[in-house]
Amino acid sequence: FIEKNFPRAKKVLYRDRETGISELKLRRIDAFIDDFPSAVWIVSQNESYLMLIREPLNEEFYAWGIRKGDEALKGQLNTILKRWEEQGVLKRLKARWLPYLFKD
């Protein structure tokens, strides 16, 4: 994204998020790129200093972890998810709990 849109920008890698966020808050850097869930959390904790630019740089998939080999539970979860999708429940849950990601 940076190379395509800002080819002359100096790119800096940080060992951890906290350093990058500190540099951004101190105006030593102009932007900080992170994965979306982390960026949402960071901005929510620093709303007076930071703002989120919602620009997808890739496609991410969400999943539930369940016990390996538990096909019965997997089937139940898939049935529930399908029903929620058909009834619009899944869309409402995403909008409530992941509002930055799934807003209309």
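Q: Where is Trp-64 placed?
A: Trp-64 sits in the loop between H3 and H4. Helices and strands here are DSSP runs numbered from the N terminus (helices H or I, at least four residues; strands E, at least two). The model is predicted, with local features needing pLDDT of at least 70 and side-chain atom pairs counting only at pLDDT 80 or more, while totals for chains, interfaces and linings use all residues. Residues are numbered from 1 along each chain as its sequence is written, and side-chain values use heavy atoms, with hydrogens and water left out.

Q: What makes Leu-77, Leu-81 and Trp-84 contacts of Trp-64?
A: Contact means heavy atoms within 4.5 Å. Trp-64 meets this with Leu-77, Leu-81 and Trp-84, leaving aside neighbours within four places in sequence. For the pair Trp-64 and Leu-77, 13 residues apart along the chain, the C-alpha atoms are separated by 9.2 Å.

Q: Why is Leu-77 called buried?
A: The relative accessible area of Leu-77 is 17%. Buried means under 20% (exposed is over 50%, partly exposed in between; 1.4 Å probe, protein chains only), so Leu-77 is buried. Leu-77 belongs to helix H4 and touches Trp-64 and Ile-66, not counting residues up to four places away in sequence. Gly-88 is 11 residues from Leu-77 in sequence and 16 Å away in space, C-alpha to C-alpha.

Q: Why does Glu-71 count as exposed?
A: Glu-71 has a relative accessible area of 53%, on the exposed side of the cut-off, and is therefore exposed. Glu-71 is also found in helix H4. Its C-alpha atom is separated by 31 Å from that of Asn-58, 13 residues apart along the chain.

Q: Why is Arg-27 called exposed?
A: Relative accessibility is 74% at Arg-27, so this residue counts as exposed. Arg-27 lies in the loop between H2 and H3. Its backbone is worth a look too: Arg-27 has a positive phi of about 65° although it is not a glycine.

Q: Which residues of H3 are buried?
A: In helix H3 (residues 36-45), they are Phe-36, Ser-38, Ala-39, Val-40, Ile-42 and Val-43. The buried residues of H3 pack against helix H2 (17-25).

Q: Why are H4 and H5 called roughly perpendicular?
A: Two packed helices are described by the angle between their axes and the distance between the axes. The axes of H4 (residues 71-87) and H5 (residues 89-97) come within 5 Å and cross at roughly 85°. Roughly perpendicular covers 65 to 115 degrees (under 35 is roughly parallel, over 145 roughly antiparallel, the rest oblique), so the pair H4 and H5 is roughly perpendicular. Leu-81, Trp-84, Glu-85 and Gln-87 of H4 make the contact with Val-89, Leu-90, Arg-92 and Leu-93 of H5. By class, this contact has 5 nonpolar, 1 polar and 2 charged residues.

Q: How many residues line the largest pocket?
A: A pocket is an open set of points on a 1 Å grid over the protein atoms alone, with protein on both sides within 12 Å along at least five of seven lines; a 1.4 Å probe fits at the points, and lining residues have an atom within 4 Å of a point. About 1700 Å³ of space lies in the largest pocket. There are 42 lining residues, and Ile-2, Ala-31, Phe-32, Ile-33 and Asp-34 are the closest to its centre. Helix H1 (2-5), H2 and H3 each supply at least two residues of this lining.

Q: Which helix gives the most to the lining of the second largest pocket?
A: H4 gives the most, with 6 residues. The second largest pocket holds about 500 Å³ of space. Of its 17 lining residues, the closest to the centre are Tyr-62, Ala-63, Trp-64, Leu-81 and Leu-90.

Conventions. Axes fitted to C-alpha atoms, helices over the stretch in contact; angles between N-to-C directions. Nonpolar A, V, L, I, M, F, W, Y, C, P; charged D, E, K, R; others polar. Points joined across faces, edges and corners; volume = space filled by probe spheres on them.
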